[in-house]
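Here is a short tour of the charged side chains in this model. Please keep the structure open beside the text as you read.

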Amino acid sequence: MPKTEMKNLHVPLPQPLYQRLRAEAKRENRPATVLVREAIDLWLAEQYRASVHDEIASYARTVAGTSDDLDPDLEAASVERLVDAVENSERVTDQ
């Protein structure tokens, strides 16, 4: 497996945060740099998910009630499916 090129980043930390990081690294018996790298990766992934969610929500607000909104045939089919599912579950419950 090829190694990924690494770049260094100097991040000054307040003493209490630094101490908590060191304590967690010791508790997990893992290097603090690995914990920080994982934390940054998770944070960036969450930021990306949030931005995608925001873009989808913005688009949905923009097209709500327009011809680009939910297709009427698709909406009708989904309503029928939900009604069928409710009726089937009621039949199973009644037995």
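Glu46 counts as partly exposed because its relative accessibility is 39%, where partly exposed lies between buried (under 20% relative accessible area) and exposed (over 50%), with a 1.4 Å probe and protein chains only. Its salt-bridge partner is Arg49, with 3.1 Å from N to O; a salt bridge here is a side-chain nitrogen of Lys or Arg within 4 Å of a carboxyl oxygen of Asp or Glu. Both Arg49 and Glu46 sit in helix α2, 3 residues apart, or about one turn of the helix. Helices are DSSP runs (H or I, at least four residues), numbered from the N terminus. Arg49 has a relative accessible area of 48%, so Arg49 is partly exposed as well.

Salt bridges that share partners also link Glu24, Arg27, Glu28, Arg30 and Glu38 into one network. Arg30 is partly exposed because its relative accessible area is 29%, and Glu28 is partly exposed with a relative accessible area of 29%.

A word on the basis of these values: the model is predicted, so local features need pLDDT of at least 70 and side-chain atom pairs count only at pLDDT 80 or more, while totals for chains, interfaces and linings use all residues. Residues are numbered from 1 along each chain as its sequence is written, and side-chain values use heavy atoms, leaving out hydrogens and water.

How many salt bridges are there by this rule? The count comes to 6.

| Salt bridge | Closest N to O |
|---|---|
| Glu5 and Lys7 | 3.1 Å |

In the pair of Glu5 and Lys7, Glu5 is exposed because its relative accessibility is 62%, and Lys7 is exposed with a relative accessible area of 66%.

Asp68, Asp69, Asp71, Asp73 and Glu75 form a negative surface patch, a patch being made of residues with over 30% relative accessible area and no salt bridge, with like charges joined within 9 Å. Asp71 belongs to the loop between α2 (32–63) and α3 (72–94), and Asp71 is partly exposed because its relative accessibility is 39%.

Arg20 is found in helix α1 (residues 15–28). With a relative accessible area of 60%, Arg20 is exposed.

Conventions
Patches are made of residues with over 30% relative accessible area and no salt bridge: like charges are joined within 9 Å, nonpolar side chains (Val, Leu, Ile, Met, Phe, Trp, Tyr) within 5 Å. Accessible areas come from the Shrake-Rupley method with a 1.4 Å probe; for residues, only the protein chains shown count as cover. Lys and Arg count as positive and Asp and Glu as negative; His and the chain ends are not counted. The place of a charge is taken as NZ of Lys, CZ of Arg, CG of Asp or CD of Glu. Helices (H or I, at least four residues) and strands (E, at least two) are DSSP runs, numbered from the N terminus.
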